[in-house]
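Dear colleague,

Please find below the structure that I am handing over to you. My notes on it follow directly after.

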Amino acid sequence: MDDARRDEIAAGLAEVERRVEQACRTAGRARSDITIIAVTKTYPASDVRVLAGLGVTDIGENRDQEAADKAAECGDLGLTWHFIGQLQTNKVRSVVSYADVVHSVDRSRLVDALSREAVRQEREVGCLIQVALGGGEDGGPAGRGGVAPGEILPLAEAVTRADGLRLRGVMAVAPLGGDPGEAFARLYSVAQAVQKEHPAADVISAGMSGDLAQAIANGATHLRVGTALLGRRKPFVR
Ligand SMILES: *Cc1c(COP(=O)(O)O)cnc(C)c1O
């Protein structure tokens, strides 16, 4: 193992932990209410192994091929794998084979495809409804994905009716250039509406490296943190 890389990741994790604890204190919340998902996209499986050695239990990835390879390489570590990227139905078979939770459920066709594969593979897949938080002046999704407010409860209902799937809650990405606190407050009220119908769906996946304190202040239970743990990603080249 590369000791320098281990030290670098340990320092990143310590700093994220310090920020999370500070935000919990400010918000009057318990640290144990928050799960840090380490987003390892573009970084190698060896980094996943370092994170696991430092006590991280939850890993997030946004591209199927890359995630499938890493999940296979790290199959001995007992990690929980979160798929956080846009999901095409032709990738569902692969994603269901390793993902414990899909954060990006955004249409009923995807619900049907996930359910069919979960049943076929005898897996249970946790599902988060991805909520569009707008940011566009029309209140539209502004390119960051997710379901418009009026479609959230029907889609949540579809997940609860689908075999092999379990509705776990909601997820969102704060709009670019907007006030993340205000956006996450809106996500919180959506989450409350979902929980009123489905009390066990208590996950709120919100907050990344730059806005985790605002997410914690607004009820987030799961943070998706990449850059602050592993460093700035190289620009993605196809
Ligand atoms: C990459 C990614 C993250 C992590 O973002 P950082 O700013 O690197 O912490 C979180 N959520 C999603 C959906 C992502 O694609």
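A residue is called buried here when its relative accessible area is under 20%, and exposed when that value is over 50%. Cys24, at 2% relative accessibility, therefore counts as buried. Please bear in mind throughout that this is a predicted model.

**Cysteines**

Cys74 is likewise buried, since its relative accessible area is 1%. A disulfide is a covalent bond between the sulfur atoms of two cysteines. How many disulfides does the model contain? The count comes to zero, where the rule asks for a pair of cysteine sulfur atoms within 2.5 Å.

**The ligand and its surroundings**

A polar side-chain atom of Lys41 lies 2.7 Å from a ligand oxygen atom. Arg224 also contributes a polar side-chain atom, in this case 2.8 Å from a nitrogen atom of the ligand. With Gly226 the atom concerned belongs to the backbone: a polar backbone atom of Gly226 is 2.8 Å from an oxygen atom of the ligand. Taken alone, the ligand exposes 390 Å², and the protein buries 87% of that area.

**Glu66 in helix H3**

Lys41 leads on to Glu66, as Lys41 is among the residues that Glu66 touches. Glu66 belongs to helix H3, which covers residues 64–73. Is Glu66 buried or exposed? With a relative accessible area of 17%, Glu66 is buried, because the limit for that class is under 20%. Setting aside residues up to four places away in sequence, Glu66 touches Thr40, Lys41, Thr42, Tyr43 and Glu61. With Thr42 there is a polar approach as well, in which the side chain of Glu66 reaches the backbone nitrogen of Thr42 at 2.5 Å. Phe83 is 17 residues from Glu66 along the chain, and the C-alpha atoms of the two are separated by 11 Å.

**Two residues of helix H5**

Helix H5 runs over residues 108–120 and includes Ser115. Glu117 is found in helix H5 too. Ser115 has a relative accessible area of 12% and is therefore buried. Glu117 has a relative accessibility of 9%, so Glu117 also counts as buried. What does each of them touch, leaving out residues up to four places away in sequence? For Ser115 the partners are Ala162, Asp163 and Leu165, whereas for Glu117 they are Val92, Arg93 and Val96.

**Val170 in strand E6**

Val170 lies in strand E6, residues 165–171. Its relative accessibility is 1%, and Val170 therefore counts as buried. Which residues pack against Val170, apart from neighbours within four places in sequence? Val170 is in contact with Leu128, Ile129, Val131, Leu187, Ala191, Val194, Val203, Ile204 and Ser205. Gln22 stands 148 residues from Val170 along the chain, and their C-alpha atoms are separated by 24 Å.

With kind regards

Definitions and conventions. Residues are numbered from 1 along each chain as its sequence is written. This is a predicted model: local features need pLDDT of at least 70, side-chain atom pairs count only at pLDDT 80 or more; totals for chains, interfaces and linings use all residues. Side-chain values use heavy atoms; hydrogens and water are left out. Buried means under 20% relative accessible area, exposed over 50%, partly exposed in between (1.4 Å probe, protein chains only). A polar contact is a pair of N or O atoms within 3.5 Å; within protein, one must be able to donate a hydrogen and the other to accept it, and residues adjacent in sequence count only if both atoms are side-chain atoms. Accessible areas come from the Shrake-Rupley method with a 1.4 Å probe; for residues, only the protein chains shown count as cover. Helices (H or I, at least four residues) and strands (E, at least two) are DSSP runs, numbered from the N terminus. Contact means heavy atoms within 4.5 Å.
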